[in-house]
Amino acid sequence: MKAIIGSALATLLAVVLIQAQLSAEEMQSTDMHLYSPTAIEWKAAPAALPPGARMAVLEGDPTKEGPFVVRFQFPDGYHVPAHTHPKTERVTVISGTLHLATGEALDRSSAKKLPAGSFGYWPAGMKHTAWSEGETVIQLHGTGPWQINYVNPADDPRNTKKSP
Ligand SMILES: [Cu+2]
C-alpha cells in the first residue's frame with residue numbers, strides 16, 4: 001500500500017515538474033527578430049491612450065500573458081493623464097524627453113525629467129502622469145497583459161463617445 005502511494009506521489013511530482021518546465025519554456029522565444037530603426041512598423045496606439053500616439057510591437061503581445069516589448073511615439077506636448085497599471089511599469093526613453101509626475105498630488109511642477117537614455121520602473125498601482133517634450137519615443141517592457149487605468153474615468157479615451 002505504501003509503495004502504491006509512493007509511486008502515485010512520484011508520478012504526481014513528475015507531472016507537476018513537467019508542467020512547470022513547459023510554462024517556463026512558453027516564456028522563451030523560438031524565433032529571432034532584429035529591428036533596425038527604419039524597419040520598425042508603427043501603427044496607431046491602442047484606444048486606451050489619448051489620440052496622436054503611435055505604437056510598435058517589438059516582441060510578444062502586450063494584450064496577452066507573457067513578456068512583451070513595445071515602443072510608443074508621442075508628438076511634442078502629448079500628455080497621458082493620471083493613471084495606474086496593474087503591473088510594474090518599465091520605461092526606457094529612446095529619444096526626446098519624457099516628464100513624469102508621481103505621488104498623490106501629481107504635481108507637474110516637481111515632475112522628473114527623463115531625457116533620451118533614461119530608464120525607470122515603478123510599482124503596480126502607483127499614480128503617475130507623463131508628457132513629452134519634443135517628439136518622444138519610449139520603450140515599455142514587462143509581462144503582459146499591459147493595461148492602463150485612469151484615475152479620473154473622464155480622462156479615459158475609451159469612455160469618449162464617438163458621435164454616430
Ligand atoms: Cu504609465
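This note goes through the predicted model point by point, from its overall layout to single residues.

1. **Ground rules.** The model is predicted, so local features need pLDDT of at least 70 and side-chain atom pairs count only at pLDDT 80 or more, while totals for chains, interfaces and linings use all residues. Residues are numbered from 1 along each chain as its sequence is written.

2. **Layout.** The protein has one helix and nine strands. Helices (H or I, at least four residues) and strands (E, at least two) are DSSP runs, numbered from the N terminus.

3. **Burial and contacts overall.** Of the 164 residues, 17% count as buried. Buried means 20 or more other C-beta atoms within 10 Å of the residue's own; exposed means 12 or fewer; partly exposed lies in between; C-beta atoms are placed from the backbone. Take the contacts between residues at least 6 apart in sequence: 69% of them join residues at least 24 apart. A contact requires C-beta atoms, placed from the backbone, within 7 Å.

4. **Strand β8 and its partners.** Two strands pair if DSSP finds at least two bridges between them. Strand β8 covers residues 128-144 and runs antiparallel to β3 (residues 66-74), with nine bridges joining the two. Arg-71 has Gln-139 of β8 as its bridge partner. Strand β5 (residues 89-102) also pairs with β8 in the antiparallel sense, over ten bridges. Here Val-93 is bridged to Ile-138.

5. **Strand β4.** This strand spans residues 79-84 and pairs with β8 through three bridges, again antiparallel. His-83 is bridged to His-128 of β8, and Val-80 stands opposite Ala-130. Strand β4 is also joined to β9 by two bridges, and these two run antiparallel. Thr-84 finds its bridge partner in Asn-149 of β9.

6. **The core.** The largest nonpolar core has 17 residues. Such a core is a set of buried Ala, Val, Leu, Ile, Met, Phe, Trp, Tyr and Cys residues joined through C-beta atoms within 7 Å. Those with the most contacts inside the core are Phe-72, Val-93, Leu-98, Leu-100, Leu-114, Ala-130 and Ile-138. Strands β3, β5 and β8 each supply at least two residues of this core.

7. **Val-93 in detail.** What does Val-93 touch, leaving out residues up to four places away in sequence? The list is Leu-98, Leu-114, Pro-115, Ala-116, Gly-117, Ser-118, Thr-136 and Ile-138. Ile-138 is also the bridge partner of Val-93.

8. **A cis peptide bond.** The bond from Gly-144 to Pro-145 is cis, with omega near 0°. Most peptide bonds are trans. Pro-145 lies in the loop between β8 and β9.

9. **Pro-123.** This proline sits in the loop between β7 (119-122) and β8. Is Pro-123 buried or exposed? Pro-123 is exposed, because 10 other C-beta atoms lie within 10 Å. Pro-123 and Thr-84 are 39 residues apart in sequence, and their C-alpha atoms are 9.1 Å apart.

10. **Thr-160.** This residue is found in the segment after β9 (149-150). Thr-160 counts as exposed because there are 11 other C-beta atoms within 10 Å.

Conventions:
Contact = placed C-beta atoms within 7 Å.
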